[in-house]
Amino acid sequence: MDEDDAPTLSQKVERLSLTGRFSLTARILAVNLLPLMLLGGGLFYIDSYRTQLVNERFKLARIEAQITAEALAGVSRERQEALLVQIGKEQRMRMRMFDSEGLLWADSFALDEDGPAFEFDDISDDTWDQKFARWLDRAVDTIVSAEPVTDYVEPGSDVADAWPELVAAREKGVSQITLYDWRDGTPVITAAAPVGLNGATLLTTRNAVDITEAVRAARSTLGIAVLVVLFASILLSLFLARTIVTPLRLLAKAAVRVRQGREREVEVPRLPERGDEIGLLARAVSDMTAALRHRIDAVDSFAADVAHEIKNPLASLRSAIESLPRVEDPETRTKLVDIATHDVRRIDRLVTEISDASRIDAEMSRATLERLDLADLVRAIIGSREDRAENRNREIVLNTRGYAANVVGVGARLERVVENLLDNAVSFSPPDAPILVEIDNDGERVALTVCDEGPGIPEDSREKVFHRFHSVRPDNEDFGNHSGLGLAIARAIAEAHDGSLVAQGRSDDQNGACLRLELPAAA
């Protein structure tokens, strides 16, 4: 299939929306009941089984009539009457002989001293199940458009001309078979055959009750089986729907309450006992909700911190500006202007850093990842910083170990991380102490470690340095030159690359701090 012929995402969504118009319970029931409904449709096609039985009985009736007619030909009348009674009783048929004039001269029912070999059912005393069976027969015949069958009615006169099959047999000289229908729905099969060459004819009548009984038995067996399986399928479908729909409804209700925000501590069910896809979905939604709450809390905290951090330089700036009109001393006015200028730069730096920090997640979601060598990136940054004299004459030593330091990420953002780590190391490193940068790749993770020989970070404060607006600066550095967002931004970028950034002590037991960045190694 060509790519142009492949269904687009919108087409797939449209196809899913067609089935999404119905509830899961309805769809589960439909899927499970449809095969049973098709199986139940077999009740109507048992009519073909009935037709086959009737055709077989037609063949048998023709053979019986021909054999009986040959047996009756050429024997005495007494022998003919005896044969009619004997065959009629054994085969449960009514056998009548008509002479060459078409008049009835022998009837097995009248000749048999024990009475008729069979009797037609009187439907007036039928039970409800018999009436239902007849109604079902008629319903099936209507649905399958079965050909109508003539009702069986005994003629009012005992002459051959009253029977169309006898007339045809006398005229054509061959056996004739006719199907009738009794009032109880059972077939009546008549067979007319010529007897000898003197013009006599034989008429046999059989009420094939066994055909109807066999069809109704097969239909009843299939119907009961379908009903039992249908009942079991409905129960299983409802159970299956409940195991799927109930937890989904719980998740939906919890999600709505989380969205409305009316209950701060809404507990999204995790369904730990379920190891299927519903359980995975529940835990994913729960984790997503927790992450969302954490993100909301972080945004609230960030907004409060921003207001607090900007409020301080604004207050200082306001005080300086309000004092300027009342101060006439040139030296004091110059100091106030310097304070105002410093506060403006500080506010500008804060706004820039805050804007950068707030855009990290959005930019990372839209950025295109590329394969790059972290060692080459660090070398380029170190060289660029030396050209701009940003290392303050500190020596930066780069060591690499292991495999090539290839990672997948956004080059500009990773450059920002390295810049922030080097800025932090330069700030705290003594003038004559080197800054050690090590890159190690074990095949799975690429680690970048930046170590200085400054005062180090106390163990209980190593996590606080990554908090927003947490700033502990060297004593010789002017106040307000850093926003306290550098390491927080660096960690956010590292985590956006599925990496980590932590603070730790030096492994050689010397004074100083190490900041370790780990990123997944590129395949």
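Helix α6 and helix α8 touch through A133, R134, L136, D137 and V140 on the α6 side and T212, R216 and R219 on the α8 side, contact being heavy atoms within 4.5 Å. The model is predicted: local features need pLDDT of at least 70 and side-chain atom pairs pLDDT 80 or more, while totals for chains, interfaces and linings use all residues. Residues are numbered from 1 along each chain as its sequence is written, and side-chain values use heavy atoms, with hydrogens and water left out.

The contact of α6 with α8 comprises 3 nonpolar, 1 polar and 4 charged residues. Here Ala, Val, Leu, Ile, Met, Phe, Trp, Tyr, Cys and Pro count as nonpolar, Asp, Glu, Lys and Arg as charged, and the others, Gly among them, as polar. Helices (H or I, at least four residues) and strands (E, at least two) are DSSP runs numbered from the N terminus.

α6 covers residues 128-143 and α8 residues 209-260; their axes lie 12 Å apart at an angle of about 85°. α6 is therefore roughly perpendicular to α8, a term for angles of 65 to 115 degrees. Axes are lines fitted to C-alpha atoms over the stretch in contact, and angles run from 0 to 180 degrees between N-to-C directions.

Most residues other than glycine have a negative phi. A389 has a positive phi although it is not a glycine, and D498 likewise has a positive phi without being a glycine.

| Residue | Phi | Loop between | Relative accessibility |
|---|---|---|---|
| A389 | about 60° | α12 (374-387) and β7 (396-402) | 60% |
| D498 | about 60° | α14 (486-496) and β11 (500-505) | 59% |

A389 counts as exposed, meaning over 50% relative accessible area (1.4 Å probe, protein chains only). D498 is exposed too.

Terms used
Buried means under 20% relative accessible area, exposed over 50%, partly exposed in between (1.4 Å probe, protein chains only). Angles under 35 degrees count as roughly parallel, over 145 as roughly antiparallel, 65 to 115 as roughly perpendicular and the rest as oblique.
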